[in-house]
Amino acid sequence: MLEFTKENKNMIGVIMAISYTLYFNWQSGQYPLANTIAYSLPFLIISALIGFGISKIRKDNNFGIYFAIISLIFVIANI
């Protein structure tokens with residue numbers, strides 16, 4: 001079983017954010033996967049910057065969790 005340390009939570013959050021963003025953009029747009037990755041890249045970069053900023057302001061190093069939340073908000077707003 002995977003132990004939930006801060007590093008594991010961040011890694012799980014990053015993996016979930018990237019996979020959900022790619023999956024939902026691919027399902028909603030009906031584009032080939034290469035176009036979906038190119039379309040999702042700006043949203044992922046902006047989500048990463050916002051998540052990193054929140055993590056630095058709060059000084060709690062939960063970057064992956066904030067990244068996942070912001071990415072899911074962007075996906076929901078995009079659909």
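Q: Which residue's backbone oxygen lies 2.7 Å from a polar atom of the side chain of threonine 21?
A: We're looking at a predicted model, where local features need pLDDT of at least 70 and side-chain atom pairs need 80 or more, while totals for chains, interfaces and linings use all residues. Side-chain values use heavy atoms, without hydrogens or water, and numbering starts at 1 along each chain as its sequence is written. Threonine 21 is in helix α1, residues 6-29 (a helix is a DSSP run of H or I with at least four residues, a strand a run of E with at least two, numbered from the N terminus). The backbone oxygen 2.7 Å from its side chain's polar atom belongs to alanine 17.

Q: Is threonine 21 buried or exposed?
A: Check its relative accessibility, which is 3%. Buried means under 20%, exposed over 50% and partly exposed in between, with a 1.4 Å probe and protein chains only. So threonine 21 counts as buried.

Q: Which residues does threonine 21 touch, not counting residues up to four places away in sequence?
A: Contact here means heavy atoms within 4.5 Å. Leaving out those up to four places away, threonine 21 in α1 touches Ser40, Leu44, Ser71 and Val75.

Q: Which element gives the most to the nonpolar patch on the surface?
A: The patch is formed by Met16, Tyr20, Tyr23, Phe24, Trp26, Leu33, Ile37 and Leu72, with about 700 Å² of accessible area together (patch residues have over 30% relative accessible area and no salt bridge; nonpolar side chains are joined within 5 Å, like charges within 9 Å). The elements that give two or more residues are α1 and α2, the latter spanning 33-58. With five residues, the one that gives the most is α1.

Q: What relative accessibility does methionine 16 have, as a member of that patch?
A: Methionine 16 is in helix α1, and it's listed among the patch residues. It counts as partly exposed because its relative accessibility is 35%.

Q: Which residue forms a salt bridge with aspartate 60?
A: A search of the whole structure turns up one salt bridge (a Lys or Arg side-chain nitrogen within 4 Å of an Asp or Glu carboxyl oxygen). Its closest N and O atoms are 3.4 Å apart.

Q: What distance separates the C-alpha atoms of asparagine 35 and asparagine 25?
A: Asparagine 35 lies in helix α2 and is partly exposed, with a relative accessible area of 42%. Asparagine 25 is 10 residues away along the chain. Their C-alpha atoms are separated by 9.9 Å.

Q: How many residues apart are phenylalanine 43 and phenylalanine 74?
A: The structure has six aromatic pairs (ring centres within 6.5 Å; planes under 30 degrees apart are stacked, over 60 edge-to-face, the rest tilted). Phenylalanine 43 and phenylalanine 74 have centres 6.0 Å apart and planes at 55°, so this pair is tilted. It links distant parts of the chain, with phenylalanine 43 in helix α2 and phenylalanine 74 in helix α3 (residues 63-78), at a spacing of 31 residues.

Q: Which residue forms an edge-to-face pair with phenylalanine 52?
A: The two rings sit 6.3 Å centre to centre, with 75° between the planes. Phenylalanine 52 lies in helix α2 and its partner in helix α3, so the pair ties together parts 11 residues apart in sequence. The partner is phenylalanine 63.

Q: Which residues do ring pairs link into a cluster?
A: Look back at the nonpolar patch, whose members include Tyr20, Tyr23 and Phe24. Ring pairs link into a cluster Tyr20, Tyr23 and Phe24.

Q: In what order do the elements of the chain run from the N terminus on?
A: The chain has three helices and zero strands, and its C-alpha atoms fill a box of roughly 40 × 30 × 20 Å along the principal axes. Of the contacts with a separation of 6 or more, 51% are between residues 24 or more positions apart. From the N terminus on, the order is α-α-α.

Conventions:
A polar contact is a pair of N or O atoms within 3.5 Å; within protein, one must be able to donate a hydrogen and the other to accept it, and residues adjacent in sequence count only if both atoms are side-chain atoms. Accessible areas come from the Shrake-Rupley method with a 1.4 Å probe; for residues, only the protein chains shown count as cover.
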